[in-house]
Amino acid sequence: MATLTAMVGAGSGTALGRLLAHRWREVAAAEGPLRPELDAVLTGGAASPSLVRRLAPMLGLHTADLFVVAGLDLPPDLVPASGTGPWHVGTVLEMAAKFAPQSLRRLHEFVRSLPERPPAWPPVWPRYSYPLGPGEMMLRLLRNRNIGPYSPKVLYFIGDGPMVSSSTMAMLGPGRTRLTPQYVTAFATVLGIPDDDLAAVAGVAAATDPRLHRNHVELARLAWDARRLTGEQLPEVLDLARRLR
């Protein structure tokens with residue numbers, strides 16, 4: 001059997017392989033019957049949906065996010081809301097980023113109080129346009145929170161991302177905008193994913209000493225809890241946000 005070092009080196013070409021190499025201590029502690037599939041992923045193979053569902057809690061990541069990292073389509077039980085335009089979760093975050101902690105908690109509590117309704121299936125968004133490179137993966141992870149289509153202000157206000165145009169950010173998908181460490185840290189902050197994990201996924205280092213929003217942890221949790229809000233619920237949330245300003 002190949003050594004772990006050899007497998008990690010081979011797996012470094014895939015996003016999930018890089019993540020598993022980075023977090024191998026946690027995964028190896030519970031490998032057992034998963035070892036053949038883990039070996040396959042570490043040597044560049046594809047992961048099965050069942051493996052992704054088992055790995056996510058080991059890694060402390062949202063299962064839906066790990067599906068994206070693995071390059072798999074989201075199953076019906078994990079999709080976010082879609083087709084909620086013109087409002088989306090990015091609109092909520094842009095407003096919430098200006099709140100004092102108490103107002104932010106009130107808004108978050110209201111979001112959590114709303115009944116969850118199954119999102120549309122299949123999702124009402126276009127099929128992905130570009131191969132799953134590092135920049136495209138960052139955009140898909142944003143979409144996994146119904147943030148989009150391109151929300152540079154959210155990255156800037158919350159995660160110290162670059163202040164760029166929506167079109168510049170859109171070019172992360174085809175790789176015409178370079179995914180820099182500043183972008184990686186900004187995405188990680190908004191997504192609530194540890195920056196070292198996202199750096200491993202992207203194959204790009206995280207930024208050092210970013211100036212993060214004081215409420216960035218709560219804002220990332222709000223983004224996740226709001227990801228399945230419907231087009232009817234989002235205006236209710238935005239109405240409360242306007243009154244809390």
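Okay, let me start with one aspartate: Asp39 is buried at 13% relative accessibility, where buried means under 20% relative accessible area, exposed over 50% and partly exposed in between, with a 1.4 Å probe and protein chains only. Before I go on, this is a predicted model, so local features need pLDDT of at least 70 and side-chain atom pairs count only at pLDDT 80 or more, while totals for chains, interfaces and linings use all residues. Residues are numbered from 1 along each chain as its sequence is written, and side-chain values use heavy atoms, with hydrogens and water left out.

Back to Asp39. Its side chain meets that of Arg35 in a salt bridge, at 2.5 Å from N to O; that term takes a side-chain nitrogen of Lys or Arg within 4 Å of a carboxyl oxygen of Asp or Glu. Asp39 and Arg35 are about one helical turn apart, because they sit four residues apart in helix H4, residues 35–42. Helices here are DSSP runs of H or I with at least four residues, strands are E runs of at least two, and numbering goes from the N terminus. Arg35 is partly exposed, at 21%.

By that rule we get ten salt bridges. Which residues form a network of them? That would be Arg23, Glu26 and Asp197.

Two other pairs reach across the sequence. Asp77 and Arg53 meet at 2.9 Å, N to O. Asp77 is in the loop between helix H6 (63–69) and H7, and Arg53 is in helix H5 (residues 49–59), so this pair ties together parts that are 24 residues apart in sequence. Both are partly exposed, Asp77 at 44% and Arg53 at 35%.

Then there's Arg145 with Asp65, whose closest N and O atoms are 2.6 Å apart. This one links distant parts of the chain, 80 residues apart: Arg145 belongs to the loop between H9 and H10, and Asp65 to helix H6. Buried or exposed, what is Arg145? Buried, at 0% relative accessibility, and Asp65 is buried too, at 3%.

Now the nonpolar side. A nonpolar core here is a set of buried Ala, Val, Leu, Ile, Met, Phe, Trp, Tyr and Cys residues joined through side-chain atoms within 4.5 Å. The largest one has 73 residues, and Leu20, Leu66, Leu93, Leu107 and Phe187 touch the most other members. Helix H12, residues 181–191, gives this core its largest share, seven residues.

So what does H12 look like? Nine of its eleven residues are buried, running from Tyr183, Val184 and Thr185 through Ala186, Phe187 and Ala188 to Thr189, Val190 and Leu191. Their cover includes H7, H9 (134–143), H10 (152–159), H11 (166–170), H13 (195–202) and H14 (216–225). Take Thr185: it has a relative accessible area of 3%, and beyond four places in sequence it touches Gly159, Asp195, Ala206, Ala207, Pro210 and Leu212, where contact means heavy atoms within 4.5 Å. Just after H12, Gly192 has a positive phi of about 75 degrees.

Last stop, H7. Leu93 touches Ile147, Val154, Ile158, Val190, Leu219, Leu222 and Ala223, leaving out residues up to four places away. Met95 is in H7, residues 89–96, and counts as buried at 15%. Setting aside neighbours within four places, Met95 contacts Leu238, Ala241, Arg242 and Arg245. Met95 and Arg245 are 150 residues apart in sequence, yet 8.2 Å apart in space, C-alpha to C-alpha.
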